[in-house]
Amino acid sequence: MKYQKPKGTNDILPGNVEKWQYVENTAREVFRLYDFHELRTPMFEHIEVISRAVGDTTDIVTKEMYDFHDKGDRHITLRPEGTAPLVRSYVENKLFGPEHQNPFKAFYIGPMFRYERPQSGRMRQFHQIGMEVLGSRNPATDVECILLALDFYKRLGVTHTKLVINSLGNRESRMVYRQALIDYLEPLSDQLSEDSKNRLHNNPLRVLDSKDEKDKEIVAKAPSILDFLDEDSAQFFNSVKKLLDDTNVDYVIDHRMVRGLDYYNHTVFEIMSEAPGFNGAITTICAGGRYDGLVKEFNGPDSHDAGFGFALGLERALITMEAEGITIDTTPSVDVYVVGLGDEVSAESLKLVQAARAAGFVSERDYMNRKVKTQFKTADKLNAKWVLIMGDNELAEKSVKIKTMATGVERLVPLTDIYQDFNKELNK
Ligand code: ATP
Ligand code: MG
């Protein structure tokens, strides 16, 4: 048997993982600036946590879950997204209590699992960076979160982005719109795709999201949700737009944009990549919105019921960077390479690398007793700043030869001196 990784997964290898770390670190820096704290939830949850929050009729719940019964017959699913688990954790751990940050601002970085048809930018195990703000009904929260996402891409050097926003209104106005949409679609239902026909009655807003060409034509003439916002909802959306205008953020409004998860209301947004050569049909790199009511679904308190969050794909962030020609340095580098000559010196080589590491220098050595020339080649490949040469002669003299690679200068230094102060001896 040939052992292979499961379809739709990736090994992230050294040489490439540095790019991932760079993106993750950038996200952590941005979250820090906005005073967000990391919250880590399990990779798997009771299935109800997801199905309840995300919606029983969504693609995620109906088609994409990695669920199973464990040995105790519990119905478990690998997490397909981060919001429901985080809200579950918020309520379960009573993070709305007076000793906690309020509004509560948390972020996560980690793998998500969806049984999808794999293609570039669409994996079965993929990785999201996401955030949630719980307990703020202020439209400034919506805007700050959107700005945070834009800041993140800006810091990565990604510039070809487009912000798209919409409002789904509150529950009441959405119900009115839902009926209007059904009334419009029903006479056309025999022209709709099978998926959309099924959605027409249980989740008609999702028809707006259909990728089917014929559906798209029909949807183009559908009534706009923005015409159905009640006064409160319209006012909220106006505030969001005004704050975006005030901060000079470019955006477009797409009244047909709904999100794939059921829990959203009021503001929804997506960030698309417009980089030439970006990934064909898939252009959304970040998506999120407001989900007032979700905390209550998890039996949390009314007073902390407001929520806003987004998730962005790490894979898609990396593809975007590539499309925009942004590279990050992944050349290997060490500070110290110990060249050891002969069997006798191996113990001293070990002491040297350990002492160098203890002093904070990235250190490597030879383990195979290779020829001097080969060892120097390795040191070059690793871009070592200093090579420490330890041969029988040096050992006999209780010394080590330090070669500063930038200048080629060599010095013989007593071992007692270098063990006493590595930093001083290297930088002499
Ligand atoms: P799509 O329409 O592309 O299927 P979605 O609406 O299912 O996206 P969300 O659940 O909102 O996506 O997830 C937010 C972000 O997570 C997406 O914008 C994307 O960057 C990323 N993402 C979602 N699903 C995948 C996947 N299967 N593989 C890689 N990235 C993904
Ligand atoms: Mg999807």
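Contact here means heavy atoms within 4.5 Å. The structure described is a predicted model.

**The five-stranded sheet**

Five strands make up an open sheet with mixed pairing, in the order E13-E12-E14-E15-E16. Strand E13 (363-365) and strand E16 (410-414) stand at the edges with a single partner strand each, so one side of each has no neighbour in the sheet. On average, neighbouring strands of this sheet are turned by 25 degrees against each other, direction ignored. E12 and E13 run parallel and are joined by three bridges; the bridge partner of Val336 in E13 is Ser363.

| Helix | Lies across | Angle |
|---|---|---|
| H12 (residues 346-358) | E12, E13, E14 (386-390), E15 (399-404) | about 165 degrees to E13 |
| H13 (residues 372-381) | E12, E14, E15 | about 175 degrees to E12 |

**Val338**

Strand E12 (residues 336-340) contains Val338. Val338 has a relative accessible area of 1%, which means that it is buried, the cut-off being under 20%. Beyond its neighbours within four places in sequence, Val338 is in contact with several residues, among them Ser349, Leu352, Val353, Gln375 and Leu388. His266 lies 72 residues from Val338 along the chain, and their C-alpha atoms are separated by 62 Å.

**Strand E5**

Strand E5 (residues 104-113) is mostly covered, with ten of its ten residues buried. E5 pairs with strand E1 (residues 37-38) in the parallel sense over two bridges, and Phe107 in E5 stands opposite Glu38. Strand E6 (residues 125-134) runs antiparallel to E5 and is joined to E5 by ten bridges. Gly130 in E6 is the bridge partner of Tyr108.

How values were computed:
Residues are numbered from 1 along each chain as its sequence is written. Chains are lettered from A and ligands numbered from 1 in the order in which they are written. This is a predicted model: local features need pLDDT of at least 70, side-chain atom pairs count only at pLDDT 80 or more; totals for chains, interfaces and linings use all residues. Side-chain values use heavy atoms; hydrogens and water are left out. Buried means under 20% relative accessible area, exposed over 50%, partly exposed in between (1.4 Å probe, protein chains only). Helices (H or I, at least four residues) and strands (E, at least two) are DSSP runs, numbered from the N terminus. Two strands pair if DSSP finds at least two bridges between them. Axes are lines fitted to C-alpha atoms, for helices over the stretch in contact, and angles run from 0 to 180 degrees between N-to-C directions.
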